[in-house]
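This report describes the fold, the surface and the charged contacts of one protein model, in that order.

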Amino acid sequence: METVNLTESQKKARRGRNIALGAVLLGLVVVFYIVTLIKFGGGMAG
């Protein structure tokens, strides 16, 4: 089985994409958490 050897620029590009994807996923989690708090919080206030 052959392995693919990446150049330094390819490794940096991959790392940058991974960090960006992680940030997007974290942002979505935060948005869903806030929306859930607002939905349930609004129901309890009234």
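This is a predicted model: local features need pLDDT of at least 70, side-chain atom pairs count only at pLDDT 80 or more; totals for chains, interfaces and linings use all residues.

## Basis and overall form

Helices (H or I, at least four residues) and strands (E, at least two) are DSSP runs, numbered from the N terminus.

Residues are numbered from 1 along each chain as its sequence is written, and side-chain values use heavy atoms, with hydrogens and water left out.

## Annotated span

UniProt, in an unreviewed entry, places a "transmembrane region" at residues 19-40; such annotations may be inferred rather than shown by experiment. In the model this span is 100% helix and 0% strand, with its end C-alpha atoms 32 Å apart.

## Exposure

Buried residues (under 20% relative accessible area, with exposed over 50% and partly exposed in between; 1.4 Å probe, protein chains only) make up 0% of the 46 residues. Tyr33, found in helix 1 (residues 8-45), counts as exposed because its relative accessibility is 54%.

## Charged pair

One salt bridge is counted, defined as a side-chain nitrogen of Lys or Arg within 4 Å of a carboxyl oxygen of Asp or Glu. Lys11 forms this bridge with Glu8, the closest N and O atoms being 3.9 Å apart, and both residues lie in helix 1, three residues apart, about one turn of the helix. Lys11 is partly exposed at 43% relative accessibility, while Glu8 is exposed at 53%.
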